[in-house]
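Here is a short report on one predicted model. Please look over the structure below before reading on.

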Amino acid sequence: MDLLGLISFGPGGWGNALAAGTWLTIRLALATLPFGLVLGLAIAQAKRSDNRLLRAFGNLYTTVFRGLPELLTIFIVYFGGQIALQKLVNLVVPGQTIEISGFVAGMIALGVVFSAYASEVLLGAFNGISRGQWEAAKALGLRPFPTLRLVILPQLIRLALPGLANLWLILLKDTSLVSVIALDDLLRMTGIAVRVTKEPFFFFGVACLIYLAMSMISSIGITAIERRVERGHRRAA
Amino acid sequence: MNWELLQNYGPRMLQGLMVTLQLVVIAISLGALLAVPIALGRMSKNRLVGGLAFAYVYAVRGTPLLAQTFLVYYGAGQFRPELQAVGLWWLFRDAFFCCALTFTLNTAAYQAEIYRGAILAVPRGQSEAAMSLGLKPRAIFRMVVVPQAVLLALRPLGNEIILMIKGSSVAAIVTVFDLMGVTRLAYSRSFDFQVYLWAAVLYLALVEIIRRVWDLIERRLTRHVRQH
């Protein structure tokens, strides 16, 4: 049994397949992150709003998507999105069939879950910024949006980073769930390798190690970003 | 509302909900038992013990639950002769058992970190005061630190239970008929999207009930330390 040969990149080796799966996992996580962050920021704003309706919506959104299993959210977006889109298209062009891409469905589902958690992290960070910052910006004549972009966000990042970093690590692991909607991510490619080679323990072990490596590399990156946003903010010894 | 569908699959979905609950109760309680030695190992002064406990926690928390479940469920099949030799094959053949085992091992790592964090969060002054009263280290840990740490661990433990309820849905992928499994079956037979929405309502209700009950328990247990 030549196990190392099985993950080599040559003929008969599954190295290329696993690498392709890893690459899709990384792409999916990277594509979800900005989408989830922007959505999370919007939900956080809704929850901070003076409008009662918006606030209620923000809270409902958070309760629902933090309470649903990620797997169920993926199914609902994938199948439900397909049906909804189909009906919409049929209104315009009757008889036309349409298929939603697994990547987009996965991205939306994971992004929605990410944003529900991120909105709570961002809300906490918003509360950590003193009112004086807003007032000072107003005194300087800055309008609300430039205030947010130039004054609040740079401070917000520092406060929200530990929470968001945690969510990124969770997102990276949750990408494995998209393998159930026929998206060729790392776990699905591993599953294919297992079916052919009949070496489940070895291959799933390798997949776990690849996920672990991605987490470790992320942690290193997060530490570097943390150091960067902490610069200029000296801690009292 | 499709009443015929509800009549056909409603009771089975409730059965699935019970399977989900069983998985969660088994995993959380056995995981708690396993988490205690791991948490103690993490805090051990012995570098080998500390290193092993750290490696376990890091490996489990750094990999997806689904991959872990595949590793146990499909991986066990590869060791069939060995497992048969020790008479454990009948257990590992069963998807429910494999899921319960994987979830237990998974939550044990997360719970170990919760307990460790709670123990470290008890103010030093508490053990120093106990020491000055002449209590021995064991007694200090058992009678002073642990009772206070338990209260600190309640909130994160409640979160962990909810994460486990949600995470347990991956059991459906390895043929367990938990709530998600029954839902997938119902959808594959009826092609009626409603079933997913019913499952969503059931999961949300379960999570909300547990969250509220847990809140009540926490309020009751911490009533002597509340400020106001």
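Helix 9 of chain A (residues 200-230) has 31 residues, so at 1.5 Å a residue it should span 45 Å, and its end C-alpha atoms, 44 Å apart, agree with that. The expected span is 1.5 Å times one less than the number of residues. Helices here are DSSP runs (H or I, at least four residues), numbered from the N terminus. Gly232(A) follows helix 9 of chain A, with a positive phi near 80 degrees.

This is a predicted model: local features need pLDDT of at least 70, side-chain atom pairs count only at pLDDT 80 or more, and totals for chains, interfaces and linings use all residues. Residues are numbered from 1 along each chain as its sequence is written, chains are lettered from A and ligands numbered from 1 in the order in which they are written, and side-chain values use heavy atoms, with hydrogens and water left out.

Leu3(A) sits in helix 1 (residues 3-6) of chain A. Its relative accessible area is 28%, so Leu3(A) is partly exposed (buried is under 20%, exposed over 50%, partly exposed in between; 1.4 Å probe, protein chains only). Contacts mean heavy atoms within 4.5 Å.

| Residue | Contacts, leaving aside neighbours within four places in sequence |
|---|---|
| Leu3(A) | Glu199(A) and Phe202(A) |
| Phe103(B) | Leu23(B), Ala27(B), Leu65(B), Thr69(B), Met164(B), Gly167(B), Ser168(B), Val170(B) and Ala171(B) |

The C-alpha atoms of Leu3(A) and Val151(A) are separated by 55 Å. These two residues lie 148 residues apart along the chain.

Technical notes. Helix = DSSP H or I, 4+ residues; strand = E, 2+ residues; numbered from the N terminus.
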